[in-house]
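Please look through the model below with its sheets, helix packing and backbone geometry in mind. The briefing that follows takes these topics in turn.

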Amino acid sequence: MAIRVALIGTGNAGRIALRGLISNPAYELTGVWVSTAAKVGKDAGELAGLDVHTGIAATDDVDAIIAAKPDAALYCAMGDTRLPGALRDVCRLLAAGINVIGTAPGVLQYPWGVIPDKFIAPVEEAAQQGNSTVYVNGVDPGFINDLVPLAFASTCQHVEQIRCLEIADYATYDGAEVMFDVMGFGSSLDEVPMLLQPGILSVAWGAAIRELANGLGVTLDAITDSSEREPAPEAFDIAAGHIPKGGVAALKFEIRGIVDDRPLIVVEHVTRLRSDLRPDWAQPAQPGGSYRVEITGEPSYTVDIRPTSRHGDHNYAAIAAGVGRVVNAVPAVVAAPPGIVTTLDLPLVTGGTQIITESSKG
């Protein structure tokens with residue numbers, strides 16, 4: 001029997017998730033929630049960019065989503081700039097008995113020690129009330145900072161450091177809110193964007209770092225962070241808008257999990273809007289962007305991950321990878337005990353993966 005699933009949010013991640021839900025016979029789409037009035041009433045197939053009519057019209061009414069009684073909801077709404085609201089959304093769905101599998105809010109990837117217990121308790125209480133489960137994949141795109149490094153670390157006699165990198169050109173990424181409001185691209189170096197406000201980096205990526213530390217069986221002494229920005233040498237345009245001369249055009253930051261006064265776990269981001277900026281920073285393994293996991297230990301590893309897609313460039317492929325992890329995790333999360341679960345709790349997620357064979361193509 002197909003698992004009944006609703007979708008919350010049809011942005012860059014949600015559109016891809018919607019295609020996965022519609023095309024995979026393991027799932028039955030029960031509803032689509034949208035945040036913009038222009039999308040209300042549109043068929044899910046149209047919103048997904050597919051040439052199909054599903055009979056599911058988009059709504060901005062959460063009550064309608066809940067009333068359809070899905071087994072699960074894929075939560076792909078914005079969580080970066082509206083964390084309290086996203087947490088309330090998750091609690092409402094859980095209390096209604098709906099399992100939640102999401103790309104956001106990122107702190108639920110592993111909230112313990114990252115956000116105060118007073119914000120975690122309502123989520124756990126709602127899950128117990130509805131006998132439901134929540135799993136959030138996280139960012140970068142999630143599995144790069146837990147599943148991949150833990151898999152390779154499991155072969156090591158000892159580990160001295162794990163470093164997870166995203167190295168990408170964001171010029172083709174059209175998420176203006178994230179690019180300008182959150183990351184601060186195009187702004188003056190005198191301005192401090194949301195992402196670089198004191199403590200924000202350590203919260204945003206603290207969930208991934210603490211989860212990885214827990215998987216390694218260690219307790220962190222502290223989480224520290226640092227950042228560096230580079231101005232644009234001249235004005236130019238990107239998919240999300242305009243970058244003026246002198247506006248931020250490249251950003252590098254690190255978040256470090258400290259044990260015994262040394263960084264055991266490091267998440268590093270190198271984000272450029274032009275490939276010629278800051279050639280001294282880490283370079284991707286393929287044009288445009290890639291991910292890298294470096295393990296210093298015995299043995300040591302450098303693992304380059306080069307996401308590609310038939311439907312878009314490296315930025316699209318990275319989003320599709322994170323979304324694929326969420327869509328494929330639905331059966332495992334539905335079967336999991338109530339509460340907040342993480343990658344450390346789930347089996348190897350393959351249950352929702354659609355396998356294409358020669359016979360299925362016909």
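Which residue in strand 11 is the bridge partner of Lys252? The partner is Val270, where strands (E, at least two residues) and helices (H or I, at least four residues) are DSSP runs numbered from the N terminus. This is a predicted model, in which local features need pLDDT of at least 70 and side-chain atom pairs count only at pLDDT 80 or more, while totals for chains, interfaces and linings use all residues. Residues are numbered from 1 along each chain as its sequence is written, and side-chain values use heavy atoms, with hydrogens and water left out.

- An open sheet with mixed pairing is formed by 6 strands in the order 7-10-11-6-12-13, two strands being paired if DSSP finds at least two bridges between them.
- Its edges are strand 7 (222–231) and strand 13 (301–305), each of which pairs on one side only.
- On average, neighbouring strands of this sheet are turned by 10° against each other, direction ignored; axes here are lines fitted to C-alpha atoms, for helices over the stretch in contact, and angles run from 0 to 180 degrees between N-to-C directions.
- Helix 9 (residues 206–216) packs on the sheet and touches strand 6 (158–169), strand 7, strand 10 and strand 11, contact meaning heavy atoms within 4.5 Å; the direction of helix 9 makes about 145° with that of strand 11.
- Within the sheet, strand 10 (residues 248–259) and strand 11 (residues 262–272) are joined by 10 bridges in the antiparallel sense.

- Strand 4 (residues 99–102) and strand 5 (residues 133–136) run parallel and are joined by 3 bridges, with Gly102 standing opposite Val136 in strand 5.

**Helix 1 against helix 10**

- Helix 1 (residues 12–23) and helix 10 (residues 314–335) pack with their axes 9 Å apart and at an angle of about 55°.
- That angle makes helix 1 oblique to helix 10, since angles under 35 degrees count as roughly parallel, over 145 as roughly antiparallel, 65 to 115 as roughly perpendicular and the rest as oblique.
- In this contact, Asn12, Ala13, Ile16, Ala17 and Arg19 of helix 1 meet Tyr316, Ile319, Ala320, Val323 and Val327 of helix 10.

**Backbone geometry in loops**

- A cis peptide bond, with omega near -5°, runs from Ala104 to Pro105, and Pro105 lies in the loop between strand 4 and helix 5 (117–130).
- The peptide bond from Glu298 to Pro299 is also cis, with omega near -5°, and Pro299 lies in the loop between strand 12 (289–298) and strand 13.
- Lys69, in the loop between helix 3 (62–67) and strand 3, is a residue other than glycine with a positive phi, near 55°; Lys69 is exposed, with a relative accessible area of 66% (buried means under 20%, exposed over 50%, partly exposed in between, with a 1.4 Å probe and protein chains only).
- Asp261, found in the loop between strand 10 and strand 11, has a positive phi near 65°, again in a residue other than glycine, and is exposed with a relative accessible area of 79%.
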